[in-house]
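Please open the model in a viewer and keep the selection tool at hand.

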Amino acid sequence: MVTFNKKKFRFSDWLAEKVIKAVAFLSIAVVILIFIFVFREAFPIFKMDKKEAASTETLVQESYGGLGTDNSTVKSADNQVDNSNRKQTNDEKPSSSLLSKTWMPVSDNPRYGLWPLFLGTLKVTLIALLFATPISILAAIYTSMFAKPGIREIIKPVIELLAGFPSVVIGFFALMVMATVLQNIFGYASRLNAFVGGIAMGLAAIPIIYTLTEDALTAIPKTFIEASLGLGASLRQTAFYVVLPAAVPGIFAAVVLGLGRIFGETMIALMATGNAAMISMNPFDSVRTLSATIGAEMAEVVFGDIHYNVLFLIGSLLFIFTFALNALAEFYFKNLVVRKYQSKK
Amino acid sequence: MNDIKVKVKDLSLRYGTNLALKKISMDIPEKMVTAFIGPSGCGKSTFLRTLNRMNDLIDNVAIEGEVFIDNINIYDKNIDVVNLRKKVGMIFQKSNPFAKSVYDNIAFGPRINGISHKSNLDEIVERSLKQAAIWDEVKDRLFHSALSLSGGQQQRICIARSLAVNPEILLMDEPASALDPISTAKIEELIHELKKEYTIIIVTHNMQQAARTSDLTALFYLGDLIEMNKTEIIFSNPAKKQTEDYISGRFG
């Protein structure tokens, strides 16, 4: 007979619950740890400001003798040069050079101006979005509203398959094929540039924007579509005047998530954008993006150097930015659709 | 009896292999209310949706037979379905106003037909809302969201929205089944008013509603049209045993 007057301890249930809980919290812990690590490594930049400024003074006061003690084998002439360079370095504090217009981290007079990187990232992101958004949205409208089920069953998975493409493959394709083809069409000077990189990144973002837009469009209650068609609206009018406006918040979320993907994309940027950190408004000039900078330079940087810290600063900026974008998409736009249509019967 | 507006001849409909309507034939008179009754799944809603080709939207539907509206077969190859649906409006079981203002809901139909002049739209909106007997309730809230209205008001907004495109026939698929008795009474009153100008076909679960509102009643059962006649005859002296059983609540 089953008795239930006494609580029974079930070990496997207890264990399973604890394990699942631990795994869930572990993933959160990992995110937080990455967060802390990245920020901790970036932080010295701002602290160094004062220290470095202070050491400038001491250096001047102590004149040239003191530094030679570190490597006593260095000849005095070299020492001289070394010191003059260092003095120049110290003239520009690392944090003030962050806002300068040149990114030259390994020159004798290193400057860590982030503007060209920001501008480069912005340019590529904009081009990628301008390319990917209309294509994705139109494709989503087609498969959700117009396509016969058979065709839909083909197109939807094929576009989504693009999401599974390793970005290095897209980058390689952009580097070898698209760069040449696009150059032949548009006839610009540098083969690898923001335009090529933007289009390639757009390819990477299309599946994300497409899938989420498709979801948003199919989430619009069928009753709306029936109401519209019942009023004698054509399928096109229904799609563009009823379904699309109703799905706008969801589509916005899709675009924002696509933006996050483009923003953080490294491999394609590294391979297809030319990696020249310069300030220019021309979309056909080479650019260097924030993420590509980390990708290209992190392996060669001196551990603990200003350059190292600046790369981590870039990492934190990317982190904050994509985090903000995803949070916006997740908590604001997604709920907007739900609130609008699911709360009312 | 008025002139015949809709004439259905041997209409059969299949969902895949499932025969949902079996050779239905009937005549529906103009400017009268015709009610379809029957138990759930008997095919009455499906049949209603064949009259403005709403079933075209569903995959795997095969339709045989003919439906004539004003002597034109709407299943003819050359039929413009978009214009057909302007002529044959539809009200759904669940009120489905767009997530727009009351005004924009009513103006949607005229706008897609190319009417953009504000004074014309204003006039149509006012006329339609008055016809749907909801003007007094919403005239101060025209630019509020239609979703902020009560269920019964929303349903009358939907009726007004249909009227705004000047249909001749109104198909109503259980228009009051989700409403409270007071809202239901308002809709029924409205149906009574509207039949002066429109041919109304209503599907209902509620036999009292059919008895109250309709001039003709048709009983469906398992895809067959069992009996169709004047409502008072159906409810007082039906020709078939099955009809009598259903009316008296012995099955269904």
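By class, the lining of the largest pocket comprises 18 nonpolar, six polar and seven charged residues; here Ala, Val, Leu, Ile, Met, Phe, Trp, Tyr, Cys and Pro count as nonpolar, Asp, Glu, Lys and Arg as charged, and the others, Gly among them, as polar. The model is predicted: local features need pLDDT of at least 70 and side-chain atom pairs count only at pLDDT 80 or more, while totals for chains, interfaces and linings use all residues. Residues are numbered from 1 along each chain as its sequence is written, chains are lettered from A and ligands numbered from 1 in the order in which they are written, and side-chain values use heavy atoms, with hydrogens and water left out.

To find this pocket, select Met145(A), Asp56(B), Leu57(B), Ile58(B) and Asp59(B), which lie nearest its centre among the 31 lining residues. A pocket is an open set of points on a 1 Å grid over the protein atoms alone, where a 1.4 Å probe fits, with protein on both sides within 12 Å along at least five of seven lines; lining residues have an atom within 4 Å of a point. Helix 5 of chain A gives the most to the lining, with four residues. Helices (H or I, at least four residues) and strands (E, at least two) are DSSP runs, numbered from the N terminus.

Next, select Phe98(B) and Phe108(B). How are these two rings arranged? They form a tilted aromatic pair, 4.8 Å centre to centre, with 55° between the planes. Rings of Phe, Tyr and Trp (its six-membered ring) pair if their centres lie within 6.5 Å; planes under 30 degrees apart count as stacked, over 60 as edge-to-face and the rest as tilted. Phe98(B) lies in the loop between strand 6 (88-91) and helix 3 (102-112) of chain B and Phe108(B) in helix 3, so the pair ties together parts that are ten residues apart in sequence.

Phe98(B) is buried, at 1% relative accessibility, and Phe108(B) is buried at 4%. Buried means under 20% relative accessible area, exposed over 50%, partly exposed in between (1.4 Å probe, protein chains only).

Finally, select Ile37(B), located in strand 3 (residues 33-37) of chain B. Ile37(B) is buried, with a relative accessible area of 0%.
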